[in-house]
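Look at the model first, then read on.

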Amino acid sequence: MIGRRGFVDTFNLGRRPLERKRRNGDHVRSRRKFEVATSTVETVFSTASSETLSDSPRFPRERWNTLPSLSPDGRKHSLDPHEYQHAKRQLRYAVIEHYRGLEVLNNYRVVNLTGFRKALTKYEKITKISVMDAYVKEKVEPSAFGSGTMVSVMLKEVETLFARQFEHGDTKKAMNRLRVGSSSKTHHSSIFRSGLWLGLAFPAIAGASYLCFQEHTRGSLPSWNILVYIYSVFVIPVFLALLIGINVLVWAETKISYVFILRLDLRSRLDHREYFELPSFLLCTLAYAFWFSLAQIGPSMLWPLIWLALALVVMFNPLRSFMWGPTRRWIIKTIAKLGASGVWEAEFADIWLGDQFCSLAYSLSNLYFVGCFYTQFSISLLSSAYAPHAQEAWLRCGSAQNWGWYYVLGMLPFMIRCVQSLRRYWDSRLPSQLINAGKYAMGMISYFFYCYWRYRMSPRTGNSYILWCFTASANAIYGCVWDFTMDWGMCKPRARYPLLRPELVYKSQIPVRSLVSISSMPLTMF
């Protein structure tokens with residue numbers, strides 16, 4: 001079990017021989033997989049060596065594509081030099097990624113050992129009892145991460161293999177290529193640009209907010225309420241991206257290895273100070289687009305489309321050197337993976353991102369309105385600020401007759417999390433995953449009756465309204481109980497402190513934690 005700082009919990013390790021035996025069996029299987037991969041690389045290079053593809057009078061370059069050969073399994077194939085070089089590059093990348101994964105595993109082992117030694121040193125200092133040697137020998141050393149011999153041997157074998165097959169035996173060059181550089185770089189420019197974007201955004205936000213409450217704005221721009229509605233759809237994802245940056249900042253300050261947890265690429269991992277540049281830039285451009293729309297600088301209805309096109313260009317730009325391409329690629333790949341939830345095993349990054357998308361139900365559901373508004377009435381709306389058909393577009397696209405589209409788009413995050421929970425139940429057979437799936441299924445049911453009530457346009461005393469209130473209350477109670485008992489580990493019946501966890505790290509802040517627990521209940525429900 002991983003603790004708060006990424007340390008492994010060895011409580012009762014001595015009482016779990018079966019679990020320790022199972023972990024040792026996992027190590028044996030990992031070692032066998034490593035040996036199979038190593039033998040595969042060596043077999044490929046021994047079968048298709050550079051001498052075979054040499055340009056000689058006996059085998060001229062023109063006959064390479066038709067030259068027959070036998071693979072290790074006995075099948076014939078042609079020795080195409082282009083295919084050979086492509087396969088060699090793919091093997092090179094695979095060996096490098098494997099080596100860096102081993103490095104991360106070894107660093108994780110060292111961090112845990114260091115954490116235990118520091119904790120035991122502090123314990124000895126406070127209690128004046130010497131327990132480090134006995135505890136390390138009895139609890140830590142028999143654990144799975146206690147010995148790094150196997151990982152060290154695997155690292156050495158990969159280094160030898162890479163130097164022999166890819167660097168012509170040059171060990172120094174191979175080590176420079178394999179190892180991730182430990183040199184740290186400064187982030188002064190990233191901090192400056194993030195602060196610049198945020199500083200420039202505040203005047204535009206203040207100016208647009210002032211114009212929203214002016215009578216002459218509403219008189220000269222009849223579609224001002226539509227603009228506010230459209231920009232509210234866009235601002236929520238941008239604001240959420242800023243909050244995610246704060247979350248990553250807290251992880252970095254508390255020494256939580258989010259790179260390891262989210263499985264980011266070690267070569268292109270993004271520092272949290274660099275991450276803030278992207279949401280800060282999007283917020284700044286969105287604020288000025290909003291201000292230009294209300295100030296009627298150019299066609300007012302055109303500025304939301306300009307910002308949306310800019311955001312799409314920034315996110316989907318294929319250039320890796322522009323706007324942190326590897327990180328954007330990871331975000332897009334993870335989001336796309338959410339669409340196939342249930343096909344693959346749900347990892348932490350998928351679950352974490354799915355929970356973030358549950359906060360975007362409003363923006364996702366109203367994407368239909370934005371698309372409908374600009375596709376049906378784009379010519380008249382982009383020509384003038386007075387847009388005679390703007391209110392007609394507002395009524396038609398926002399009509400309750402389109403409630404099906406709003407519901408399908410809004411319930412997608414809940415359906416994804418429900419499918420992920422069902423997949424986790426299939427993999428682990430834990431009943432708690434079924435309960436978690438029921439929480440998100442209840443959210444879909446509650447949102448369905450809300451959209452149905454809007455469609456029926458019944459008063460607040462009708463049957464559809466009562467049904468929605470009942471399902472919404474059940475959903476709020478369901479989610480609150482799950483968050484407090486499972487996600488936060490609170491409200492335990494035998495806990496020493498009421499409403500708190502059985503085990504507390506910061507015992508000096510018990511009154512503050514109790515106040516936060518009580519005050520967060522209505523916020524969690526509503």
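On a 1 Å grid over the protein atoms alone, a cavity is a set of points where a 1.4 Å probe fits but cannot get out; a pocket is an open set with protein on both sides within 12 Å along at least five of seven lines; lining residues have an atom within 4 Å of a point. This is a predicted model, in which local features need pLDDT of at least 70, side-chain atom pairs count only at pLDDT 80 or more, and totals for chains, interfaces and linings use all residues. Residues are numbered from 1 along each chain as its sequence is written, and side-chain values use heavy atoms, with hydrogens and water left out.

**Cavities**

- The structure holds 3 cavities of 30 Å³ or more.
- The largest cavity has a volume of about 70 Å³. Here a volume is the space filled by probe spheres set on the grid points, which are joined across faces, edges and corners.
- Its lining consists of Lys-337, Leu-338, Ala-340, Ser-341, Gly-342, Trp-344, Glu-345, Ala-346, Asp-350 and Gln-420.
- By class, that lining of the largest cavity has 4 nonpolar, 3 polar and 3 charged residues. Ala, Val, Leu, Ile, Met, Phe, Trp, Tyr, Cys and Pro count as nonpolar; Asp, Glu, Lys and Arg count as charged; the others, Gly among them, count as polar.

**Second largest pocket**

- Helices (H or I, at least four residues) and strands (E, at least two) are DSSP runs, numbered from the N terminus.
- H20 gives the most to the lining of this pocket, with 4 residues.
- The lining of the second largest pocket divides into 13 nonpolar, 5 polar and 1 charged residues.

**Helix packing**

- H4 and H5 pack at an angle of about 115°, with their axes 9 Å apart. That makes H4 roughly perpendicular to H5.
- Axes are lines fitted to C-alpha atoms, for helices over the stretch in contact, and angles run from 0 to 180 degrees between N-to-C directions. Angles under 35 degrees count as roughly parallel, over 145 as roughly antiparallel, 65 to 115 as roughly perpendicular and the rest as oblique.
- The crossing of H4 and H5 is right-handed. A crossing is left-handed if the near helix is turned anticlockwise from the far one by less than a right angle, and right-handed if clockwise.
- Helix H14 (residues 348–358) packs on H19 at an angle of about 150°, with the axes 8 Å apart. H14 and H19 are therefore roughly antiparallel to each other, and their crossing is left-handed.

**Positive phi and exposure**

- Lys-128 is not a glycine, yet has a positive phi of about 65°. Lys-128 is found in the loop between helix H2 (81–127) and helix H3 (132–140).
- Lys-128 counts as exposed, at 70% relative accessibility. Buried means under 20% relative accessible area, exposed over 50%, partly exposed in between (1.4 Å probe, protein chains only).
- His-168 is not a glycine either, and has a positive phi of about 55°. His-168 is found in the loop between helix H4 (149–166) and helix H5 (171–178), and counts as exposed at 79% relative accessibility.
- Lys-172 is found in helix H5 and is exposed, with a relative accessible area of 64%.
- The C-alpha atoms of Lys-172 and Glu-159 are separated by 9.9 Å, with the two residues 13 residues apart along the chain.
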